[in-house]
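Subject: The structure, and what turned up in it

Hi there,

Here is the structure I promised to pass on.

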Amino acid sequence: MLDSFNMNLIEPTDHLLLAVSGGVDSMVLLHYLQKHSKTNPIKLTVAHLDHHKRSESAADCEFVKHTCKQFSIPCYTDTLTDLKQGNFHDNARTARYDFFVKIANKIGANKIVLAHNANDNAETILMRLNRGSSFEGYRGILPNTLYKDTMIIRPMLTVSRLEILEYKEHNKIDFVADSSNEEDSYTRNRYRHHVLPFL
């Protein structure tokens with residue numbers, strides 16, 4: 001049980017589009033809401049965008065599709081092939097959100113669900129403190145925001161990574177590991193691997 005999972009962001013009549021990468025956070029999100037949907041009238045659909053940046057990304061996509069088939073949940077996928085030059089993470093995030101909104105509009109989903117957790121929020125706040133931000137920026141990731149008139153919610157924002165891993169172990173949830181998460185060439189990874197553990 002994820003005791004701090006914020007179900008207040010979800011209404012019984014919602015059609016939720018879950019952003020599922022195949023990583024442990026989003027697979028726990030999928031498992032938790034799929035289990036919850038058995039006793040509640042929420043409707044679930046999954047979206048997965050293959051960034052085509054790693055050799056194993058196509059296998060990650062197949063893993064997500066196979067899991068959704070087991071759960072009898074519709075799954076929409078696409079491959080990112082035309083990304084403009086510049087900051088890869090920022091541009092990929094915009095492309096990812098645009099894809100989610102496109103699918104949400106297509107299927108009539110009223111909320112997009114992301115698997116950001118408490119550790120992600122701590123990393124974000126520390127990075128903004130380091131580089132400078134507005135007072136609004138220092139509050140970190142918000143539990144719900146509007147993006148192109150579509151509501152994005154983050155019900156796991158108060159759930160720690162430790163809770164997620166414990167839930168994964170208890171429920172024997174399969175996931176795929178993104179090798180790029182281990183590379184210190186990305187700023188967030190340096191905060192995740194070194195700054196947060198030190199603090």
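Below is what was found, starting with the whole chain and then going through a few places in turn.

First, some housekeeping. This is a predicted model, in which local features need pLDDT of at least 70 and side-chain atom pairs count only at pLDDT 80 or more, while totals for chains, interfaces and linings use all residues. Residues are numbered from 1 along each chain as its sequence is written, and side-chain values use heavy atoms, with hydrogens and water left out.

**The whole chain**

The protein chain has seven helices and six strands; these are DSSP runs numbered from the N terminus, with helices being H or I of at least four residues and strands being E of at least two. Read from the N terminus, the order of elements is β-α-β-α-β-α-β-α-α-β-β-α-α. Of the 199 residues in the chain, 42% are buried. Here buried means under 20% relative accessible area, exposed means over 50%, and partly exposed is in between, using a 1.4 Å probe and protein chains only. Among contacts with a separation of 6 or more, 73% join residues 24 or more positions apart; a contact means heavy atoms within 4.5 Å.

**Helices H1 and H2**

Helix H1 covers residues 24-37 and helix H2 covers residues 57-71; their axes come within 12 Å and cross at roughly 10°. H1 is therefore roughly parallel to H2. For the terms, axes are lines fitted to C-alpha atoms, for helices over the stretch in contact, and angles run from 0 to 180 degrees between N-to-C directions. Angles under 35 degrees count as roughly parallel, over 145 as roughly antiparallel, 65 to 115 as roughly perpendicular, and the rest as oblique.

Which residues in H1 and H2 meet? From H1 they are Met27, Leu30, His31 and Gln34, and from H2 they are Phe63, Thr67 and Phe71. By class, this contact has four nonpolar, three polar and no charged residues. In this scheme Ala, Val, Leu, Ile, Met, Phe, Trp, Tyr, Cys and Pro are nonpolar, Asp, Glu, Lys and Arg are charged, and the others, Gly among them, are polar.

Thr67 is in H2 and is buried, at 7% relative accessible area. Leaving aside residues up to four places away in sequence, Thr67 touches Met27 and Leu30. Phe63 is also found in H2, and it counts as buried at 18% relative accessibility. With that same exclusion of residues up to four places away, Phe63 touches Gly22, Met27, Asp174, Phe175 and Val176.

H1 and H2 are the elements that give two or more residues to the lining, and H2 gives the most, with five. Sorted by class, the lining has four nonpolar, four polar and two charged residues.

Most residues other than glycine have a negative phi. Lys172 lies in the loop between helix H6 (161-171) and helix H7 (187-198) and counts as exposed, at 71% relative accessibility. Lys148 also has a positive phi, of about 50°. Lys148 sits in the loop between E5 and strand E6 (150-153) and is exposed, with a relative accessible area of 55%.

Happy browsing!

Best wishes
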